[in-house]
Amino acid sequence: MTSAPTARNSSEPSRPAAGGDSPDTSSPVRPTDQDEVAAAASEVVGGRAGRRALHGSGWWTPVRAVVAVALGMFALGMLQKVPCLDDAWFSGQTAQYVHACYSDIPHLYTGRGFADGLLPYFDHLPDRISGGMEYLEYPVLTGAFMQIAAMLTIGGDSLRQDQQLYWVVNSVMLMVCTAVLVVCAVRTHRNRPWDAMLVALAPALALTATINWDLLAVAMTAAGMLLWSRSRPLAAGVLIGLATAAKLYPVLLLGPLLVLCWRAGRWGAFFRAAGGAALSWLVVNVPVMVLAPDGWAKFYTFSQERPVDFGSLWLVIQQRTGNPLGDANVYAIILMVLGCAGIAALALCAPRRPRFAQLAFLVVALFILTNKVYSPQYVLWLIPLAALARPKWRDFLIWQGCEVLYFVGIWMYLAYTGSGDKRQGLPEDGYQLVILAHLLGTLFLCLMVVRDALRPEHDPVRRDDGSDDPGGGVLDEAPDVFTLGARTATPKLQRSTPQPARNVVRWGTARE
C-alpha cells in the first residue's frame, strides 16, 4: 500500500516533513520529474529542469509560455486550411475532403443567410440557400457569435471573398477563445500550470479549431471550472449557463457537481452554481424564446429529429446490420442514463472522493460515446477536461492519435462517397474501423480515469504532493459526510496541532 503526504492548503506555507524531504509545494510541479514522455521530449530543449531552476521568473511565465505554444499550434491549424481557403471550398465537393480542410464556417455564411443580411432565429431561411433548414440550428449564444462575425465581415469584392473573410474573422475570434481556454487550464490547478501544455500541443485542437464554433463553449466551460476551483460557485454557474447557451454539453457538468457536493455536504455551493447556470441561460435565451419561438426551438427539434449520423457507434451498427435504427434516440438516452448512474456510483463509492475534473471528463465522454453523431470538432470538448483529469502524456497522446486518425478518416470517407464511380478515398469498412479507433481511444482514457478514481495512488495529480482536488474549490480537502462505501482518512491538515509533522493519507484504506 502506497502513501502520500496530505494536501496542502493554499493559505498556508508548506511544512517540511519529519525527514526534511517533502516536496516544495510552493513551486509548480515539473512534468519532467514525473512523466517519462515529458522527460524524454525535454531533451530536445536541453533536458529536465534542474533543482535550481527558477519557476515563473522573467517574462516566460508558465501562462505566457503555454499561451504562446497554443497560439502557434492554432496558427498551424489555420495554415492546414489554406488549400480550402484558396480554392477547395469553392471548386467542388470532394476537393475540401481530399485536402482534409473542410470547415462549416464559409458554407454557413451563405447557407444560413448571413450573406443576405438575415437575422438568425427571426428570419425564415429560403430553401434556395439553406437546403430545407428553416432557421439557424445552433444555440442562441453561438448564433450571436456568428452574427457578430458577419457584421465584421466587410470589404469583400465578391461573395467568395466575403466567405473567405468570414472564415478569417471567425478564426481570429476563435483564437481569442483558445487563449482564454489555455489561460484557464493553466490556472485551474494552481500547482500544476504545465499540465495545460497538453491542451496547447493537442494536435486535434489545431486540426479542428476552425471547423465550427465549439471553442466558444469550450472556453466558457474552462472559465467556469476555473471559477469553481477558486471557490466561486455562483460565478462558475453563470459561466456554465452561458456555455450551455452556446452548446448543450456544458450543462452535464452540473451532474458531477451534484454528486460530489452530496458526498461532501456542500449543498449551498451546488445550489449557487445550479442557480447561476439557470439564471444566465434564461437571460440569454428567454428574449429569443419569446420573440422568435420557432427559430429558438430549431436547435432542440433538430437535435431530436436528426438521424444516425457520422462518427457514432450507431452508424457502425446501422451499416453492418442494415437496420435504420429509428429508435436510436431511445437507445442513446438509455445508455446515457445507465452511464450517469455508474458515474454517480463511482463518485459515492470510491475510497476517496473523485476529483471534479475526473467526473466532468467521464460524463462528457459518455455523452460523446452514446450520441448518435460525432463531428470531428467534438474532440475539443474533451481536450481541456482530459488534461485536468489525467495529465499523463502517454495516455493523452494515445487518445489524440486515435482522434487524428478519425479526423483523416472521415474526410477520406466523404471523398470516397462523393467521388462517384471513381470511388477514391476510404470505403465504408475502413471508415467503420476509424470510428472504432475513436471509440476505443476515448474508452481507454475513460478507463484510466476510472482507475485513478478507484486507486488514487495512480492519479498523477494526487500523487505529486498528496493533493486532494486542486480544481475542486469548496470540495478540496472537504471531509465526506455521505458515502456508499468505506471512507478514507480525510486529507486535511490539522491546523490546531502545533507539531510540524504532516498527516499521511493512505489512499484506498478505510478509516479505523
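Asp452 counts as buried because its relative accessibility is 0%; buried means under 20% relative accessible area, exposed over 50% and partly exposed in between, with a 1.4 Å probe and protein chains only. Asp452 sits in helix H22. Helices (H or I, at least four residues) and strands (E, at least two) are DSSP runs, numbered from the N terminus. Leaving out residues up to four places away in sequence, Asp452 touches Gln358, Ala389, Arg390, His458, Asp459 and Pro460, where contact means heavy atoms within 4.5 Å.

This is a predicted model, in which local features need pLDDT of at least 70 and side-chain atom pairs count only at pLDDT 80 or more, while totals for chains, interfaces and linings use all residues. Residues are numbered from 1 along each chain as its sequence is written, and side-chain values use heavy atoms, with hydrogens and water left out.

Asp395 lies in helix H21. Asp395 counts as buried because its relative accessibility is 0%. Not counting residues up to four places away in sequence, the contacts of Asp395 are Arg390, Phe444, Leu445 and Met448. Arg390 is also among the residues that Asp452 touches.

## The chain as a whole

The chain has 23 helices and two strands. Of its 512 residues, 55% are buried. Among contacts with a separation of 6 or more, 72% are between residues 24 or more positions apart.

The largest nonpolar core has 142 residues. A nonpolar core is a set of buried Ala, Val, Leu, Ile, Met, Phe, Trp, Tyr and Cys residues joined through side-chain atoms within 4.5 Å. The residues with the most contacts inside the largest core are Tyr166, Leu215, Trp228, Phe361, Val364, Ile383 and Trp411. Phe361 touches Leu382, Leu385, Ala386, Ala389, Leu445, Cys446 and Val449, apart from residues up to four places away in sequence.

Helix H18 has 22 residues, which at 1.5 Å a residue should span 32 Å, and its end C-alpha atoms are 31 Å apart, which agrees. The expected span is 1.5 Å times one less than the number of residues. The buried residues of H18 are Ala328, Ala332, Met336, Gly339, Ile343, Leu346, Ala347 and Leu348. What covers them includes helix H14 (254–264), helix H17 (313–321), H19 and helix H22 (428–454).

Leu362 lies in helix H19. With a relative accessible area of 7%, Leu362 is buried. Apart from neighbours within four places in sequence, Leu362 is in contact with Ile343, Leu346, Cys446, Val449 and Val450. Leu362 and Leu445 are 83 residues apart in sequence, and their C-alpha atoms are 9.1 Å apart.

In H12, 16 of its 16 residues are buried. Just after H12, Ser231 takes a positive phi of about 60 degrees.

Gly276 is in helix H15 (residues 267–291). Gly276 counts as buried because its relative accessibility is 1%. Not counting residues up to four places away in sequence, Gly276 touches Leu234, Gly237 and Val238. The C-alpha atoms of Gly276 and Pro233 are separated by 8.2 Å, though the two are 43 residues apart along the chain.

## The largest pocket

Rolling a probe the size of a water molecule over the atoms shows where empty space is left. On a 1 Å grid over the protein atoms alone, a cavity is a set of points where a 1.4 Å probe fits but cannot get out, a pocket is an open set with protein on both sides within 12 Å along at least five of seven lines, and lining residues have an atom within 4 Å of a point. Grid points are joined across faces, edges and corners, and a volume is the space filled by probe spheres set on the points.

The largest pocket has a volume of about 1,300 Å³. Its lining has 43 residues, of which Phe302, Arg306, Val373, Ser375 and Tyr378 lie nearest the centre. The elements that give two or more residues to this lining are helix H5 (95–98), helix H6 (104–111), helix H16 (293–305), helix H18 (328–349), helix H19 (356–370) and helix H21 (393–418).
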